[in-house]
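Visitor: I would like to learn how to read a model like this one. Please take me through it feature by feature.

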Amino acid sequence: MGSLSSRVLRHPGRAQAPQEQGSGAGGSAQRPESGGDAAGPGFCYCPGSHKRKRSSGAFYYCHPESETDEEEEEGDEQQRLLNTPRRYVGGRARAAPHPHLLDLGISRRPLLFHSTCVPLLSALQVAFGSLYRDDVLIKPSRVIAILAAACMLQLVSIHIIQRKDHNGISVANINVMKQLIASSNLFVMQVEMDVYTALKKWMFLQLVPSWNGSLKQLLTETDIWFSKRKKDFEGMPFLETEQGKPFVPVFRYLRLQYIISDLASARITEQDCIVPSEWLSAVYKQQWLSMLRAEQDSEVGPQEINKEELEGNSMRCGRKLAKDGEYCWRWTGFNFGFDLLVTYTNRYIIFKRNTLNQPCSGSVSLQPRRSIAFRLRLASFDSSGKLICSRTTGYQILTLEKDQEQVVMNLDSRLLVFPLYICCNFLYISPEKRTENNRHPENPEN
């Protein structure tokens, strides 16, 4: 999705399936074919290994009628604002790859929004109603649902009239994007840097609505435009300018700690000069102190589930498996000495704490045991875009010894459909008490 580089191991080994009684299966770890799952930003392909233990949890089976495991909680004030009817001016619903992928119009790797969180039934009524009426009054909280319904019905000419502020920026667009980026149900494909890149391109399209180039040109044109603004404003971060201030509430929900943990991403962020330096300085300080805790304070990782921390501050990453096969990868970035390898093979998803078995370009912890807090989610769709498989592990704590592996999910092949979208949330170290200065403000606009 951008300039984020990935490191590819040159000599993949064998990735064997977990051993069942009287059976064993194996095969080489493969790199996916190009065209949808080639080596991309944020990924390292890696060899598997041989020793695994089975997860103590139950098997997870996909079901066409599966429900979501949790719902996004919203504050009373936010809910009041979202349920205030508004009239919108100037937007247009765009046909997405399928109605469960939120097509921002800015990426071939769209961000996935968990579709079962969307009240499609009532949205379909509005979408059908638009066929018989010129104007339909809707609430901001229903914009995503109605866009999804319009895409499913291929009503590509439906218009969303959007209220704009004094800078001519759509308030509805900003509110919807803020909800999306802040959502704990967001499927992030690849890594947090891809969320930043998507927001950068989205912001460019909001500011230059007349731009009509090709998708391949979008990132280049975006970078050129912001580079010119950087010169015009003599190096002032764009979000501190009058043009950029309306977008601050959206960018507040970026998890910058997982952007600056990768050198290439950190350099791009600094060079773009979009994010205020005060934001970055605070995150650099936070990450430095976290690293010292991991190195010098016998930090072994989270020991209990902290749902608020996981939903608001965990690393979020994902990938798409184009077809069934054997895959092994890691997400790039500094992870406090916990080199996590992820393997998909024979319908199993396996986590491994790599310490000594496989090469790693960064440092690894030699502590006897390390823990991570995680949530893994899967989704797949049929050819018409209907969600047919949605499954989650829920939030869990996993403790692994050096080079130990564990099956975290087993899938029912009868209901497994490719391409398969995988999204993970991780916390590698236990959270410290956060002061009022380093937590997200309840009202980021101020």
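Guide: Note that this model is predicted. In H6, the buried residues are Leu218, Leu219, Thr222, Trp225 and Phe226.

Visitor: What do the buried residues of H6 pack against?

Guide: They pack against H5. Just after H6 comes glutamate 234, with a positive phi of about 55°.

Visitor: How should I read the spacing of buried residues along a helix?

Guide: An α-helix has 3.6 residues a turn, so residues three or four places apart point the same way. Now take H9, residues 277-296. Its buried residues are Trp279, Leu280, Val283, Gln287, Ser290, Arg293 and Ala294. Viewed down the axis of H9, the buried residues fall within an arc of 145°, so they line one face of the helix.

Visitor: Which residues of H9 are exposed on the other side?

Guide: Glu278, Lys285, Glu295 and Gln296 are exposed there. As for length, H9 has 20 residues and reaches 28 Å from first C-alpha to last, close to the 28 Å expected. Serine 298 follows H9, and its phi is positive, near 55°.

Visitor: Next, aromatic rings. What do I look at in a pair?

Guide: A pair of aromatic rings is described by the distance of the centres and the angle of the planes. For pairing, the centres must lie within 6.5 Å. By this rule there are 16 aromatic pairs. One of them joins tryptophan 225 and phenylalanine 238, at 5.9 Å centre to centre with 70° between the planes, and is edge-to-face.

Visitor: Where in the chain do tryptophan 225 and phenylalanine 238 sit?

Guide: Tryptophan 225 is in helix H6 (residues 215-232), while phenylalanine 238 is in the loop between H6 and H7, 13 residues apart. Both tryptophan 225 and phenylalanine 238 are buried. Arginine 229 lies over its face, at 4.2 Å from the ring centre.

Visitor: What about the rings of phenylalanine 381 and tyrosine 421?

Guide: Their centres are 5.8 Å apart and their planes are at 70°, so this pair is edge-to-face. Phenylalanine 381 belongs to strand S10 (residues 369-381) and tyrosine 421 to strand S14 (residues 420-427), 40 residues apart. Phenylalanine 381 and tyrosine 421 are buried.

Visitor: Which residues do ring pairs link into a cluster?

Guide: Trp329, Trp331, Phe338, Phe351, Phe374, Phe426 and Tyr428. Look at tryptophan 329 again. The charged end of arginine 319 sits over its ring, 4.5 Å from the centre.

Visitor: Let us follow one member of that cluster. Is tyrosine 428 buried or exposed?

Guide: Read the relative accessible area. Under 20% counts as buried. Tyrosine 428 has 5%, so tyrosine 428 is buried. You will find tyrosine 428 in the segment after S14. Beyond its neighbours within four places in sequence, its contacts include Gly301, Pro302, Met315, Phe338 and Arg370. The C-alpha atoms of tyrosine 428 and serine 314 are separated by 8.6 Å, yet these residues are 114 apart along the chain.

Conventions. Residues are numbered from 1 along each chain as its sequence is written. This is a predicted model: local features need pLDDT of at least 70, side-chain atom pairs count only at pLDDT 80 or more; totals for chains, interfaces and linings use all residues. Side-chain values use heavy atoms; hydrogens and water are left out. Helices (H or I, at least four residues) and strands (E, at least two) are DSSP runs, numbered from the N terminus. The expected span of a helix is 1.5 Å times one less than its number of residues. Buried means under 20% relative accessible area, exposed over 50%, partly exposed in between (1.4 Å probe, protein chains only). The arc is that of the directions from the helix axis to the C-beta atoms. Rings of Phe, Tyr and Trp (its six-membered ring) pair if their centres lie within 6.5 Å; planes under 30 degrees apart count as stacked, over 60 as edge-to-face and the rest as tilted. A charge sits over a ring if NZ of Lys or CZ of Arg is within 6 Å of the ring centre and within 35 degrees of the ring normal. Contact means heavy atoms within 4.5 Å.
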